[in-house]
Amino acid sequence: MDLSNRTSSSLGAVSMKYMGSKRAMLGNGLGEALGRSIGDAKRVLDLFAGSGAVAWHVAERYDKQVLACDLQKYATVLASAVIERTEPISDRSWVESWLRRARARVSAHSAWGDIKALQAALREITVLEAAERARAIDFTVKYPLSRAYGGYYFSPMQGLWLDALRASLPETDDFRSVALAALIQAASRCAASPGHTAQPFKPNETAGRYLIEAWERDLPAIVRARIEDIAPRKAIMKGKAYCISATELAEEAREGDLVFLDPPYSGVHYSRFYHVLEGVARGEVGAVSGAGRYPEKSERPTSDFSMLTTSKRAFDELLAILARRKANVIVTFPAGKASNGLSGDDVKLLAADHFHIDEAKVSSRFSTLGGDLKHRAARQQADELILTLSAGRGN
Ligand SMILES: C[S@@+](CC[C@H](N)C(=O)[O-])C[C@H]1O[C@@H](n2cnc3c(N)ncnc32)[C@H](O)[C@@H]1O
């Protein structure tokens, strides 16, 4: 693929379009709140890791062990790529051999000629023809990502590269971890969908140009760019990421640990928005259906924190565990009413039942939730509450 006409921004300075990512807030109140509370803590726990932005931030800056968890595997992969490694990776020979192995798989595909011709013609044919041709390409079960998502979230060329790179990951642990994280971020960057992967752009007059724009992205080049971002990073102290529930890791908290809580605020499960990334992390996707090409429900983790009927109880129980374990806590939550039924005020009241509230601040954040075609670039601004809680007392 030709890189010459790609701008550096298209190579992915923005690594993840993640709903609720705290990356921006780290420079706007959250980073300071963490810095003030981290003091004597031996460990920092990030119980809803998501894009991994907070776990990375802490692990790279502080001499503390970071433990992170999320219900979704891809989030665990992203966090572990930095928090579990204490040396930067400067060697790049493994990247070249990884890409070489993948390229051999790509060009060995029986429809390689058609796939290449279609990619080259994306700007010359109508979007409808592009979609029809893309969907007519036969991908067997050996190409699970292309089979599920090719012709929708990805062009057949991108899908084929995703499968080929996923199937030929390096074997050395650290390289493999960075490679898979880079692949997940590149998939997020290429996905032809607004903000997240709940539904792909349709090949029609309104969305068609966004679909083609996304399908044209050079996936292996973006993978390389993401490696350049991730590989030099490292944790000061070796941590660990787990694909388990927040409650489970909370039970492991110790007195004086600093626990960061950034729970879901959406009334729809995250797994509905990010199933494509989960497929990349797992390297397999079962049967898919519906406009969003969702895998079966049994393959998508559900969260008590995302359901109207259970979100309050789930949050209360989590805070009770952390109070019992005598951990100190920082919570972020939208200041207004969120779609899982909780509001910033509810969260504050629940917190006061279990902890002393040292500080309650409101910071601005940008959200991709609600990103649509018209406002694709202009992400929504919302106020977010930051609560700093200390163990030992309820108000
Ligand atoms: C608001 S996002 C976190 C964003 C993250 N702080 C960042 O900066 O990207 C909430 C995350 O919680 C995860 N999640 C939902 N329920 C969970 C549970 N019971 N245990 C652990 N993680 C959960 C979701 O998968 C999602 O990644």
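## Model confidence

The average pLDDT of the protein chain is 90, and 91% of the residues score at least 70. Residues 1-14 have a pLDDT below 50, and the model gives this stretch 23 contacts beyond near neighbours in sequence. Another stretch, residues 369-378, stays under 50 in pLDDT, with 14 contacts in the model beyond four places in sequence. Where pLDDT is low, the predicted coordinates should not be read in detail.

## Ligand site

The ligand is surrounded by 22 residues, of which Y18, S51, D70, D262 and S303 are the closest. By type, this shell consists of 12 nonpolar, seven polar and three charged residues.

For S51, a polar side-chain atom is 2.6 Å from an oxygen atom of the ligand. In the side chain of Q72, an N or O atom is 3.1 Å from an oxygen atom of the ligand. D262 pairs instead with nitrogen: one of its polar side-chain atoms lies 2.6 Å from a nitrogen atom of the ligand. The ligand taken alone exposes 610 Å², and the protein buries 98% of that area.

## Surroundings of E84

The loop between α4 (73-83) and α5 (93-107) contains E84. Apart from neighbours within four places in sequence, the residues in contact with E84 are K238, G239, K240 and A241. With A241, a polar atom of the E84 side chain lies 2.9 Å from the backbone nitrogen of A241.

Technical notes:
Residues are numbered from 1 along each chain as its sequence is written. This is a predicted model: local features need pLDDT of at least 70, side-chain atom pairs count only at pLDDT 80 or more; totals for chains, interfaces and linings use all residues. Side-chain values use heavy atoms; hydrogens and water are left out. A residue is near a molecule or strand if one of its heavy atoms lies within 4 Å of it. A polar contact is a pair of N or O atoms within 3.5 Å; within protein, one must be able to donate a hydrogen and the other to accept it, and residues adjacent in sequence count only if both atoms are side-chain atoms. Accessible areas come from the Shrake-Rupley method with a 1.4 Å probe; for residues, only the protein chains shown count as cover. Ala, Val, Leu, Ile, Met, Phe, Trp, Tyr, Cys and Pro count as nonpolar, Asp, Glu, Lys and Arg as charged, and the others, Gly among them, as polar. Helices (H or I, at least four residues) and strands (E, at least two) are DSSP runs, numbered from the N terminus. Contact means heavy atoms within 4.5 Å. pLDDT is the predictor's confidence in each residue, from 0 to 100.
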